[in-house]
Amino acid sequence: MAEPSEVLVKMSNICKSFGHVEVLRNVNFEIGYNEVVGLLGDNGAGKSTLIKTLTGVHHPDRGEIYWKGIKLEDYSVAKARDLGIETVFQERALCEQHTIWRNIFMGREIIKVGGFIDTQKEREETEKIMKELMGFTSSALSVDSEVRDLSGGEKQGVAIARALHFQADLIILDEPTTGLSLSETQKVLSFVEDIKRKGKSAIFITHNIYHVYPVADRIVILDRGRVVGEFEKSEISLEELVNKLYLVAQTGSLNNQGATPSSSGSGKDDLQSLMP
Amino acid sequence: MKKEQGIFSQHQLQISVLLVFFGVLVLFIIGSPQTFLSGNIYYAFMSNIPFFGILALSLTLVVICGDMDLSFPSIMGFAGYIFTTAFHATQSVGLALLFSLLVGLGAGLMNGLIIVKLRLPSLVVTIGTQFFWAGATQVLSGGLGKTLVPTKASSLYPLFVGRIGGKLPAQMIWMVVIAFVLWLVLNHHRFGAHVYFTGDNPHSARVMGVNVDRVRMLIFTQMGVFAAFAGILASLEVVYFWPTLGQGYLLKTMAAVFLGGTPVTGGVGTIFGTFMGAIIIGMLEAGIIAMGMTGFWTQLVYGLIIVVSVAMYSIMGRRK
């Protein structure tokens with residue numbers, strides 16, 4: 001666990017309910033500088049609510065959020081972005097009928113005067129982004145390519161490059177590999193490695209431990225609104241992690257050593273579903 | 001996908017609309033050379049097309065934004081009523097114009113507020129407000145028209161519907177200016193970019209920081225203002241206000257937008273396409289009659305050209 005002085009974001013005792021349903025229960029969650037955290041959990045574990053709280057979409061009922069040691073007040077989506085928190089949404093938040101350069105600057109256009117867009121500059125910047133951040137050197141792609149013509153991995157690349165370009169310190173990737181082919185998934189994982197290489201931090205939310213394990217520094221397991229496990233990657237092998245996830249799925253905690261995938265007839269089937 | 005796209009693939013839709021225009025023009029020249037090789041018919045077009053052309057240009061923004069507005073003909077009529085009443089009360093074309101445009105702005109803003117704040121579908125809301133403003137016009141005017149002949153004495157009159165050089169209708173200049181301004185806004189201004197993003201994917205636009213609600217409200221507001229302006233022009237052209245003003249414009253206006261290549265699904269569309277679409281629609285009625293066919297053929301030909309053009313654009317879009 002990172003020391004307080006090294007913590008980029010600290011979420012402390014976060015509680016959130018929707019009506020009578022308690023979605024987050026005293027969640028403590030931290031991300032250090034230049035750290036990739038894998039956030040794992042089943043549907044309904046509270047991953048999305050936790051992330052939406054961190055990005056200012058939801059306001060916690062109780063608990064505090066600290067950014068670089070400073071407690072955040074009047075927190076909002078706009079404030080989160082101003083601080084340097086970018087989210088790559090599962091649905092990628094792209095406008096498919098528009099060009100790559102239009103999408104890169106969506107909502108944050110480069111303005112000349114009177115609200116008029118400096119299209120020349122946006123196109124030049126996009127060209128740089130495509131080469132330097134996305135590694136797109138293919139002659140088949142240009143800044144004028146429409147997003148609908150890109151592959152799933154390329155679309156994800158645009159979304160991640162957009163987050164990187166705006167100098168985000170923390171990039172949240174919500175299920176970034178869902179629905180992608182093997183090669184496209186590989187491309188996205190190399191984008192995540194790039195985030196780390198560039199000295200930034202990331203939260204990688206996924207169901208698939210085989211995708212997150214190679215790129216994460218730390219794994220946090222969320223279940224039914226609680227953090228039930230937290231492991232430095234150096235402390236746990238992939239097989240051990242699979243076993244622990246299986247335990248959580250079966251029992252809701254990591255304490256019941258009786259239930260393991262290898263000791264249960266149905267365990268193999270469950271594990272199959274985790275495979276990429 | 002090609003890195004260097006040719007002019008045709010970049011502006012495929014606009015070129016197609018131009019081809020449809022030239023196709024229709026050639027057909028009419030062959031069918032009725034004495035009419036279509038004379039300049040007079042084109043001046044007649046330029047006096048009539050701007051009334052629904054301005055509406056179509058404004059409606060293009062609404063459709064690109066992924067919405068629909070069916071209330072503009074009634075706002076046009078109501079604004080015409082306000083213009084006439086205000087003019088008779090003040091004897092000032094300028095004041096009447098101001099009141100009328102403000103009413104148009106208010107009516108458009110009301111559409112926007114209901115749609116955005118109550119999260120209701122624009123199609124349904126504007127069907128309701130279409131009846132509301134049409135009814136209000138009838139109730140307040142008592143179903144009676146009113147002359148606007150005294151407006152001819154105003155120095156502002158020729159500015160709106162006068163004839164430049166004795167021939168060129170001023171309303172055509174207004175249509176060209178409005179088209180240019182809307183083109184500039186849509187293609188080069190942040191607001192225009194936000195209109196396209198909102199129509200393409202409102203959720204993506206919202207999470208990327210576009211104020212989708214404000215964009216939609218402004219879109220309906222500008223539609224109200226331009227509907228009022230078109231109502232004023234139409235009333236001044238015939239120097240008479242009639243309570244059913246605007247009622248014949250709904251389908252023609254929508255046809256101009258769709259013929260111009262703006263799909264009802266939102267996110268794409270061009271001002272140039274709608275401009276040409278309005279000219280084609282405006283030419284059809286006169287052209288069909290000039291070719292010796294009865295007026296009954298007009299709607300049939302309208303329908304045919306619109307369906308064929310829209311199908312053609314759709315096929316082109318899929319092949320792109």
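Before the first stop, one definition: two strands count as paired if DSSP finds at least two bridges between them. Also keep in mind that this is a predicted model.

**Stop one: a sheet in chain A.** Select strands 1, 2, 4 and 5 of chain A. They make an open sheet of 4 strands in the order 2-1-4-5, with antiparallel pairing. Colour strand 2 (21-32) and strand 5 (70-71) separately: these two stand at the edges, and each has a single partner strand, so one side of each has no neighbour in the sheet. Now zoom in on strand 1 (residues 7-18) and strand 4 (residues 62-67) of chain A, which run antiparallel and are joined by 5 bridges. Which residue of strand 4 is the bridge partner of A:Ser12? Pick A:Glu64 and you have it.

**Stop two: the two domains of chain A.** Colour by the domain assignment, which gives domain 1 (4-236) and domain 2 (237-276). Where they meet, 16 residues of domain 1 are in contact with 15 residues of domain 2. On the domain 1 side, the elements giving two or more residues are helix 7 (209-212), strand 9 (218-223) and strand 10 (226-232) of chain A. By class, that side has 9 nonpolar, 4 polar and 3 charged residues.

While you're here, click on A:Pro214, in the loop between helix 7 and strand 9 of chain A. Buried, exposed or partly exposed? A:Pro214 has 13 C-beta neighbours inside 10 Å, so it counts as partly exposed; the exposed class stops at 12 or fewer.

**Stop three: across to chain B.** Show both chains together. In all, 24 residues of chain A are in contact with 20 residues of chain B. The chain A side of this contact divides into 9 nonpolar, 8 polar and 7 charged residues.

**Stop four: helix 4 of chain B.** Select residues 40-64 of chain B. At 1.5 Å a residue, the 25 residues of this helix should span 36 Å, and the end C-alpha atoms are 35 Å apart, which agrees. Follow the axis to B:Ile49, where there is a kink of about 45°, shortly before the proline B:Pro50. Helix 4 of chain B is mostly covered, with 18 of its 25 residues buried. Finish just after the helix at B:Gly66, which takes a positive phi of about 85°.

Notes. Residues are numbered from 1 along each chain as its sequence is written. Chains are lettered from A and ligands numbered from 1 in the order in which they are written. This is a predicted model: local features need pLDDT of at least 70, side-chain atom pairs count only at pLDDT 80 or more; totals for chains, interfaces and linings use all residues. Domain bounds come from an automatic or database domain assignment. Two residues are in contact if their C-beta atoms, placed from the backbone, lie within 7 Å. Ala, Val, Leu, Ile, Met, Phe, Trp, Tyr, Cys and Pro count as nonpolar, Asp, Glu, Lys and Arg as charged, and the others, Gly among them, as polar. The expected span of a helix is 1.5 Å times one less than its number of residues. The bend at a residue is the angle between axes fitted to the seven residues ending there and the seven starting there. A residue is buried if 20 or more other C-beta atoms lie within 10 Å of its own, exposed if 12 or fewer, and partly exposed in between; C-beta atoms are placed from the backbone.
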